[in-house]
Amino acid sequence: MPSIFAYQSSEVDWCESNFQHSELVAELYNTFSNVTFFIFGPLMMFLMHPYAQKRSCYVYGICLLFMVIGLFSAYFHMTLSFLGQLLDEISILWLLAGGYCIWLPRCYFPAFLGGNRPQFTCLVAITTTVSTFLSFLRPTVNAYALNSIAVHVLYIVFQEYKKTSNKELRHLTEVSVLLWALALSSWISDLFLCSFWQQINFPYMHSIWHVLISITFPYGIVTMALVDAKYEMPDQTLKLRYWPRDTWPVGLPYVEVIGDHKNC
């Protein structure tokens with residue numbers, strides 16, 4: 001049985017040719033495309049600092065986990081090791097769990113919790129811990145299981161989209177869903193249309209997935225922050241802003257908090 005640290009010990013392999021450009025890096029483009037995680041993660045930590053001070057300092061943890069995902073993803077694609085695969089997938093799992101704990105509106109909690117967020121957080125932590133151990137049993141299905149969580153997230157987003165008349169939030173939601181759909185399409189395309197991409201000498205759709213999903217991250221967390229504010233910060237106003245300039249046609253979204261009540 002090969003070591004879990006060994007190169008190519010994972011059963012998962014992506015479309016990009018292995019060791020084509022380097023004897024040390026299995027998938028060069030899939031490895032270095034993770035650099036976007038280390039750009040958007042710290043930047044969002046900085047931009048969301050005022051919001052984190054008012055709402056929850058755990059927002060910093062979400063941004064930090066996002067960078068950890070980039071690190072583990074780079075390690076996985078560099079080695080294609082079983083350990084790298086698990087670290088990559090488990091870090092994504094815990095990022096999603098963290099997002100649920102902070103931003104899931106109480107109206108979507110299981111009824112027996114009575115809207116108690118600390119109890120919900122404990123439930124999520126227990127479920128995520130159990131899921132972490134289960135991920136070792138059938139590693140080849142982990143990626144599909146993680147993507148299936150998006151169905152529930154999309155359901156919540158759709159429900160909140162129908163409730164709001166805020167044009168900025170509706171536009172942000174639409175862009176977030178579009179970016180996620182493009183990212184997922186790249187992931188699926190690399191997996192199931194690999195022969196086509198190899199024929200045209202462009203087996204880099206998984207690299208595009210890395211870039212698109214890292215761009216989706218800022219839009220996603222800001223969307224959830226605005227949804228959450230309606231329930232958890234009714235006495236404060238959150239203004240949607242874009243970095244580096246609001247007037248630019250493209251930019252990273254963040255929120256500006258108007259009011260000064262809670263600090264970490």
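Which helices do the buried residues of helix 6 pack against? In this predicted model, they pack against helix 5, residues 82-103, and helix 10.

Helix 6 runs over residues 117-134. At 1.5 Å a residue, its 18 residues should span 26 Å, and the end C-alpha atoms are 25 Å apart, which agrees. At the start of the helix, a side-chain oxygen of Asn 116 comes to within 2.9 Å of the backbone nitrogen of Gln 119. The buried residues of helix 6 are Arg 117, Phe 120, Val 124, Thr 128 and Thr 132. Looking down the helix axis, these buried residues fall within an arc of 110 degrees, so they line one face of helix 6. The general rule is that an α-helix has 3.6 residues a turn, so residues three or four places apart point the same way. The face turned away from the buried side of helix 6 carries the exposed residues Pro 118, Ile 126 and Phe 133.

Helix 4 comes next. This helix has 22 residues and reaches 31 Å from its first C-alpha to its last, close to the 32 Å expected at 1.5 Å a residue. Among its buried residues are Val 59, Ile 62, Phe 66, Ser 73 and His 77. The elements that cover the buried residues of helix 4 include helix 1 (28-32), helix 2 (37-47), helix 3 (49-54), helix 5 and helix 10. Just after helix 4, Leu 80 takes a positive phi of about 50 degrees.

In an unreviewed entry, UniProt lists His 77, His 206 and His 210 under "binding site". These residues are spread over 134 residues of sequence, yet they cluster in space, with a largest C-alpha distance of 11.5 Å. The lining of the largest pocket takes in His 77, His 206 and His 210.

Is His 77 buried or exposed? Its relative accessibility is 1%, and the cut-off for buried is under 20%, so His 77 counts as buried. Leaving out residues up to four places away in sequence, His 77 touches Trp 14, Ala 26, Glu 27, Asn 30, Thr 31, Asn 34, His 206 and His 210. Two polar contacts tie its side chain to the other listed histidines: one with the side chain of His 206 at 3.3 Å, and one with the side chain of His 210 at 3.4 Å.

His 210 sits in helix 10, which covers residues 205-232. With a relative accessibility of 2%, His 210 counts as buried. Apart from neighbours within four places in sequence, His 210 is in contact with residues including Asn 30, Asn 34, Thr 36, Ser 73 and His 77. Both Ser 73 and His 77 are in the list of buried residues of helix 4.

Further along, Ser 214 also lies in helix 10. Ser 214 is buried, with a relative accessible area of 0%. A polar atom of its side chain lies 3.1 Å from the backbone oxygen of His 210. The side chain of Ser 214 is also joined to that of Thr 36 by a polar contact of 2.9 Å. Leaving aside neighbours within four places in sequence, Ser 214 is in contact with Thr 36, Phe 37, Phe 40 and Phe 66. Phe 66 is one of the buried residues of helix 4.

Definitions and conventions: Residues are numbered from 1 along each chain as its sequence is written. This is a predicted model: local features need pLDDT of at least 70, side-chain atom pairs count only at pLDDT 80 or more; totals for chains, interfaces and linings use all residues. Side-chain values use heavy atoms; hydrogens and water are left out. UniProt positions are given in the numbering used here, feature names are shortened, and annotations may be inferred rather than shown by experiment. On a 1 Å grid over the protein atoms alone, a cavity is a set of points where a 1.4 Å probe fits but cannot get out, and a pocket is an open set with protein on both sides within 12 Å along at least five of seven lines; lining residues have an atom within 4 Å of a point. Buried means under 20% relative accessible area, exposed over 50%, partly exposed in between (1.4 Å probe, protein chains only). Contact means heavy atoms within 4.5 Å. A polar contact is a pair of N or O atoms within 3.5 Å; within protein, one must be able to donate a hydrogen and the other to accept it, and residues adjacent in sequence count only if both atoms are side-chain atoms. Helices (H or I, at least four residues) and strands (E, at least two) are DSSP runs, numbered from the N terminus. The expected span of a helix is 1.5 Å times one less than its number of residues. The arc is that of the directions from the helix axis to the C-beta atoms.
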